[in-house]
Every structure is written in C-alpha cells, then in structure tokens.
Amino acid sequence: MSLEFELQKFPKEIKLKDASKAKLRPLCKDDEKPFHEFFLAVPEAERMFIKHRVVDQEVIRDWCRHIDLGRNLPLLAMLDGRIIADATLHQQLGGWKRHIGRVSVLVHPKFRGRGLAKALITEILDIARQLGLEKVEAEFIGDQQTAMKMFGLLGFLPLYKISDYVKDMQGVTHDYFLLGLDLKTDEEYTGMG
C-alpha cells in the first residue's frame, strides 16, 4: 500500500479512557507554534531524553517547513486545537535497515494515563504494516521504565541493553535499551503468507 492511501484515513477521531475524544492527524506546516508549545510543556527532566533540542523554536520550524512523511511521519493527537501527543514513525528509505521502522511517542503530561500513547503506537504500527515494513524498533534510556512496559504490552521485546552508553543533554550517561517487534501481516496470521 502507498503512504498516500494510508494518510487518507486522517483526520481520525479516537475515544480516550476518560471518554474524551482526540483527533489524530499527521504534522503539517501550520503546526510550528502548537508543536513548540507541546514540547515546552514536557518537564525538563524528560526533555533531556529527546534526541533533538525541542525547546529551540528553530528545530521545530525546520521540522514543520521540511516535512517528509515518507521518512518521518509524526502523528499528532489534537484536543481543542492543542497538540496533546505525538507518535512518529521513522524510516530509512534505502540501505540495510529499509525494512525496519523506528517508533517514538510522547504524551503531554496533563493527558497521560488516558490511553493516548497506546492508541497512537497502535496507529503507527498499522501504518508500518501497510507500508510493508517487517520490523519496528523503539529506543529507550534507562529511566523510561513506564514507557518500556507499555511497549512491552504491545508486543515489543527487548533486543539489547548497553550500560552507560548514551548521554542526555546534560552530559549524564544512561543505559540504552532497544526493543523490537516483528510485524506480521493479516495473511501471515491466517497462514496464507
């Protein structure tokens, strides 16, 4: 399937655990200000684990001006015009990891515990399957036990751990974890693949 076909499903409404509804849609160029505000709402202690300097408006501006949904597909959850969560599917379009996607998710602190992360990752995994990816992986830093547990509930398994391998934005080293999931198509589930 093509990415364009998959994106026709959006915007899409999902119901959260508290019965509120969020709208899911891909990032667009007009999201610069709300996307920056979303990242500013994340506690500094958590932002240290994000690979990019998301408090820098120029970083977010660059993302919104140079959107390539084939490489990086940020799927946003919106509520009352604000971004309350983001899950991204990262892809290598060539090379030896072209069959593997990488997923990440971040939920606004005030909207956690409502099933947003699980819903977004489930959507991202669906898209990855439809695009023909065979595996997805997720990277974590030692203190992200809650996130790793949620990914585990979705079927992700530990691939490896490297002690004191990565440094946060303050230069402190942390353990690095890689979790992975084999994507099976519907045909494989029914034994027809």
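Contact here means heavy atoms within 4.5 Å. The model is predicted, so local features need pLDDT of at least 70 and side-chain atom pairs count only at pLDDT 80 or more, while totals for chains, interfaces and linings use all residues. Residues are numbered from 1 along each chain as its sequence is written, and side-chain values use heavy atoms, with hydrogens and water left out.

Val-136 lies in strand β6 (residues 135-141). Helices (H or I, at least four residues) and strands (E, at least two) are DSSP runs, numbered from the N terminus. Beyond residues up to four places away in sequence, Val-136 touches Ile-100, Gly-101, Val-103, Leu-125, Ala-128, Phe-156, Leu-179, Gly-180, Leu-181 and Leu-183. Val-136 counts as buried because its relative accessibility is 1%. Buried means under 20% relative accessible area, exposed over 50%, partly exposed in between (1.4 Å probe, protein chains only).

A nonpolar core is a set of buried Ala, Val, Leu, Ile, Met, Phe, Trp, Tyr and Cys residues joined through side-chain atoms within 4.5 Å. The largest has 40 residues, and Val-103, Leu-116, Ile-121, Phe-151 and Phe-156 touch the most other members. Helix α5 (residues 116-130) gives the largest share, eight residues. A second, separate core holds 13 residues, including Val-42 and Ile-60.

Strand β7 (residues 157-167) is hardly covered, with one buried residue among its eleven. It pairs with strand β8 (residues 173-182) in the antiparallel sense over seven bridges; pairing requires at least two DSSP bridges. Ile-162 has Tyr-176 in β8 as its bridge partner. Five residues separate β7 and β8 in this hairpin, and Gly-171 in the turn has a positive phi of about 85 degrees.
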